[in-house]
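Subject: Structure handover

Hello,

The sequence and structure are below, and my notes on them follow.

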Amino acid sequence: MSKKIIILGAGVSGLSLAWKLSTKGFEVHVLEAKSQVGGLAGTLREGDYCMDIGPHSFFSEDQEILETVLTLFDNKLVPRNRNVKFYYQDKFLDYPLTAYSVLFQMGLWTGIRAGISFVGSKFTYKGNVRVEADDETVEEWAIKSFGRHLYDTFFKPYTEQFWKVPCSELSSRSIPTHTRMSFINTCRILLKRRLTDKKSSLIEREMLPTYYPDTGFAEIPEKIAEAAITSGVQIHVNSRAVSIDNHSNGQLRVRYDTGETWDEITGDTVVGTIPINHLINMLEPSAPEDVLIDAGKLEQRSIVALGMVTERQDVLGCSYIYVLDRPYNRISEMNAFSNATSPEGENILVVEIPCLKDSVVWTASKEELFEICIGALSKDGFLSPGDVKSLLLVKVENAYPIYKKDYVPHLKRALDYIEEFDDIFVLGRAGEHMYMDVDVCIRRAFDLADKMITSYE
Ligand SMILES: Cc1cc2nc3c(=O)[nH]c(=O)nc-3n(C[C@H](O)[C@H](O)[C@H](O)COP(=O)(O)OP(=O)(O)OC[C@H]3O[C@@H](n4cnc5c(N)ncnc54)[C@H](O)[C@@H]3O)c2cc1C
């Protein structure tokens, strides 16, 4: 008998799962809270302007996933250049930080201080002496790997500006390359580059060819949605799931809010790609108190992206610039990804501002955010107020799962609880509370589809 699957969220994860299941004959419905698909990989389309939530690039070392996406575009996507810089004390550094940046780009005096401090930290810093490296905080990891000086002047201010959480409270897993990134490792890479003349990076994935569709990254989730709809998937936008319970017909029932009314849908299985803590809170009857407490400890950080339409071209000279001590943490320009994201002769400079939901930044209008940001952009020589023709704004809740130092046991207990249900699954960046790029979202969705197909055979 064909099973009916309800998927919560039409981001890349939910759409990829829906697509794969529908090709195997499942009846699939996707409920999406917003008016468009794509989630974090979506693009704001306003008039002739296309602005991502921070421009994305597609890359993958997973050949099957790479080919799947390229095939959706009839193999017409071509690799594009992507280069990233860090702007620190009026100097441009490599990103992520390398020994080269410390020794040669930060300036001689900083290089010497950082080197002495690194050696000193090796002998003196004991941190809280944790048994498992996995349990390290960002503070412990950064001092051990780069020394106290760089921790105080670079890692701590940047990390805390981004996460709004003290480094002593954050797990080192918050730094994606933390297991490989250290002063010594970056020296090795530097030497290897010199000896072999080969490009190498701490983030091997950064060296992969990167792809970007012409009119915004959202073309990727939109193509997946098209393929899913062709196979029979029904996508219900403007449909925010609010509760999940057992219906009298023996199926699961999801109630959802369309903005005008409340509606409901029943199915054999529910898959949540929405934040796991929200999913657990939606369950009726309610999850046990201790599970609700664990789920409540799994927090997310929101993001606001402000786009400034300008006629200035090649403002940054690279794809992204990470910055310290500014109201935003990253600047990019859409034309560095595709000129077709704005009318000819125009460009969109994007600043990303990580924030707490309901903070001053979160509630600010685009004009207020412009006032907050333009002084620093002007001072750094990127853009003056007179260069800006109009503004675009996107706000997204739950953009970054926060890895606090004690998040692993909370997450494990939340996941264990969901596993007790054989008809409820979680998937994706927020569903699994795990950083992942788009290719990994598609891989995990396809793997879950295979698991579900096998279990229903
Ligand atoms: C600033 C930024 C830059 C990034 N850059 C890159 C990059 O260059 N390359 C790359 O590969 N990856 C990048 N990523 C990561 C990538 O965007 C995500 O991993 C991916 O889009 C996550 O997809 P998802 O479907 O798992 O989750 P989401 O995209 O979060 O989808 C979840 C969906 O659920 C919906 N939803 C939430 N609550 C409900 C509800 N109650 N009912 C119904 N629907 C609901 C949301 O609206 C959303 O559409 C970046 C992420 C960010 C934040």
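Which residues in the largest nonpolar core touch the most other members? They are Ile7, Leu15, Leu17, Ala18 and Val254, in a core of 116 residues. A nonpolar core here is a set of buried Ala, Val, Leu, Ile, Met, Phe, Trp, Tyr and Cys residues joined through C-beta atoms within 7 Å. Helix α15 gives the most to this core, with seven residues. Nonpolar side chains tend to be buried together in soluble globular proteins.

Two points before the rest. Residues are numbered from 1 along each chain as its sequence is written. The model is predicted: local features need pLDDT of at least 70, side-chain atom pairs count only at pLDDT 80 or more, and totals for chains, interfaces and linings use all residues.

The chain

The chain has 457 residues, 44% of them buried (20 or more other C-beta atoms within 10 Å of the residue's own; exposed is 12 or fewer, partly exposed in between; C-beta atoms are placed from the backbone). Its secondary structure comes to 15 helices and 19 strands, taken as DSSP runs numbered from the N terminus (helices H or I, at least four residues; strands E, at least two).

Leu15 and α15

Beyond its neighbours within four places in sequence, Leu15 is in contact with Ala10, Val30, Val37, Pro221, Ile224, Ala225 and Ala228 (contact: C-beta atoms, placed from the backbone, within 7 Å). The buried residues of α15 include Val438, Cys441, Leu448 and Met452. Among the elements covering the buried residues of α15 are α1, α2 (63-72) and α8 (219-230).

The ligand

The ligand is surrounded by 34 residues, and the closest are Gly9, Gly11, Gly39, Gly54 and Gly428 (near: C-beta atom, placed from the backbone, within 6 Å). At least two residues of this shell come from each of α1 (12-23), β10 (240-246), α14 (428-431) and α15 (438-456). Domain 1 (4-41 + 217-298 + 403-456) and domain 3 (300-401) each supply at least three; the domain bounds come from an automatic or database domain assignment.

Backbone points to check by eye

Glu284 and Pro285 are joined by a cis peptide bond, with omega about 0 degrees. Pro285 lies in the loop between α9 (276-282) and α10 (289-296).

Asp314 is not a glycine but has a positive phi of about 45 degrees. Asp314 is exposed, with 10 other C-beta atoms within 10 Å. Asn398, in strand β18 (residues 388-401), also has a positive phi, near 55 degrees. Asn398 counts as partly exposed, with 19 C-beta neighbours inside 10 Å.

Regards

Definitions and conventions: Two residues are in contact if their C-beta atoms, placed from the backbone, lie within 7 Å.
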